[in-house]
Amino acid sequence: MSREIFVEKLINELAMNRNGLIIKDLKTNLEKYVLSENLTDEEIALLMISLSKVFRNNTLNQFALEFADQLNIDNNIIEEAKQIPGINGMLNSYHKFRHYIEVNDKNASYEYGSVGLKMGILSKPLMNPGTFEIIFISISIINGCEKCVIAHENHATHMGVSRNKIHDAVRITSILKGFSEI
């Protein structure tokens, strides 16, 4: 299935035969950014697999897995994409806590010390590290972790990931968030 056919089918399924200006805008925006050349087919598939878990959207999950299968993405990488929201959620929750406390208490950082949470996947993902960072940024946006968004955007750009690529991934994330709320 080509990316064009994938996005057309996905949009129709997510819209669930609903009409209106909001649905029209969501459909138009999703089509525009999924079809953008800034992200590869594999990046789109893996991002959507991870986001389907965050949004608990079985339709998105089904379509993303089908797309990944047609792209012959290694099953271990697909499984990693499914699990990223778990480690991402753990770290986002922890770092939001630290941020809230440290903004008001400058001694807290010293007193709490190191994070102390195992997170080896951050240094050795199975998937392309740039793709991993894009997914981490996108989920951190949804989870509202400013510290993680900034750290991972900085890491991604230093790895050579373009801001256009990051921007389109965040746009897709935001649009899918919109679909999840209707």
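Reply: Helices (H or I, at least four residues) and strands (E, at least two) are DSSP runs, numbered from the N terminus. The model is predicted, and local features need pLDDT of at least 70, side-chain atom pairs count only at pLDDT 80 or more, while totals for chains, interfaces and linings use all residues. Residues are numbered from 1 along each chain as its sequence is written, and side-chain values use heavy atoms, with hydrogens and water left out.

Me: Which loop holds Asn 72?

Reply: Most residues other than glycine have a negative phi. Asn 72, although not a glycine, has a positive phi of about 60°, and its relative accessibility of 68% counts as exposed (over 50%, with buried under 20% and partly exposed in between, using a 1.4 Å probe and protein chains only). Asn 72 lies in the loop between helix 4 and helix 5.

Me: How is helix 3 oriented relative to helix 4, roughly parallel or roughly antiparallel?

Reply: Axes are lines fitted to C-alpha atoms, for helices over the stretch in contact, and angles run from 0 to 180 degrees between N-to-C directions. Helix 3 (residues 41-54) and helix 4 (residues 58-70) pack at about 150°, with their axes 8 Å apart. Angles under 35 degrees count as roughly parallel, over 145 as roughly antiparallel, 65 to 115 as roughly perpendicular and the rest as oblique. The angle therefore makes helix 3, relative to helix 4, roughly antiparallel.

Me: At what angle do helix 3 and helix 9 pack?

Reply: Contact, meaning heavy atoms within 4.5 Å, involves Glu 43, Ile 44, Leu 47, Met 48 and Leu 51 of helix 3 and, on helix 9, Lys 165, Ala 169, Ile 172, Thr 173 and Leu 176. The axes of helix 3 and helix 9 are 11 Å apart, and the angle between them is about 40°.
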